[in-house]
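Hello,

Here is the structure for you to look over. My notes follow below it.

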Amino acid sequence: MTYCMYDFDLGYVQGMSDFLSVLCVVLRKESDIFWCFVGLMEHVHKNFELDQVHIKTQLSQLKSLVEIVNPRLAIYLESQDSDHMYFCFRWILVLFKRELSFDDCQYLWEVLWTGIPCRTFMLLFCVSILDTQTDIIIENRFGLTEILKHINNLSMHIDVQKTLCTAEAIYHQLAAVQDKLPRHICEILSFNHAESISCNNNERKENGK
């Protein structure tokens, strides 16, 4: 209720309590909980906006990353009209709060909020999980409903340490070939160097005409 008055335009949206519950365990004073929640919401505020533009943007970026990292899965999802990635909606909305134990959730959040190696590292974390589920999804010929059920059933069965290591490996693999990646992928992963290379290559082509 207090936060609703603090940010009257946003108010309370389902999912906010997932973030608040962690603070209530870690902190004791109500005033500390409130102001930490205010600071936390500054990071995730856009996830709860009514138009859901920010969530949809992240799902679109996730789709683009899957197309690059795991084209086999991307093609299959498209064939099942599931390439909108809505089955990952809950992951992104509350940053895996409902998928992980309390300790694992804290650990993941601390990693994500460092902004290292990139501000969209959570999307690579998602890609890493989907990569491990590719054979199951395709070999069982899951449609959208089955994919959604399967993804939800991964709750409390995600190895955070292993998934983070895989996500980091994917990042470095892409970074190593960033000059060959599409511009929108470079933008998602903040590969500024790739943009400059692309621009330089385009300039050379134009000068060579």
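**What I found**

In this predicted model, the axes of helix H4 (residues 53-69) and helix H5 (residues 71-79) come within 5 Å and cross at roughly 125°. That makes H4 oblique to H5, a term for angles that are not under 35 degrees (roughly parallel), over 145 (roughly antiparallel) or 65 to 115 (roughly perpendicular). Axes are lines fitted to C-alpha atoms, for helices over the stretch in contact, with angles from 0 to 180 degrees between N-to-C directions. Helices are DSSP runs of H or I, at least four residues, numbered from the N terminus.

H4 contributes Val66, Glu67, Ile68 and Val69 to the contact (heavy atoms within 4.5 Å), and H5 contributes Pro71, Leu73 and Ala74.

Next, helix H3 (residues 30-44). Its 15 residues reach 21 Å from first C-alpha to last, close to the 21 Å expected at 1.5 Å a residue. The expected span is 1.5 Å times one less than the number of residues. Buried in H3 are Ile33, Phe34, Phe37, Val38, Leu40, Met41 and Val44. Buried means under 20% relative accessible area, exposed over 50%, partly exposed in between (1.4 Å probe, protein chains only). These buried residues pack against helix H1 (2-6) and helix H2 (16-26).

Last, Pro182. It sits in the loop between helix H10 (160-176) and helix H11 (183-188). At 31% relative accessibility, Pro182 counts as partly exposed. Its C-alpha is 23 Å from that of Thr134, 48 residues apart along the chain.

Residues are numbered from 1 along each chain as its sequence is written. Local features need pLDDT of at least 70, side-chain atom pairs count only at pLDDT 80 or more, totals for chains, interfaces and linings use all residues, and side-chain values use heavy atoms, without hydrogens and water.

Best wishes

Definitions and conventions. Helices (H or I, at least four residues) and strands (E, at least two) are DSSP runs, numbered from the N terminus.
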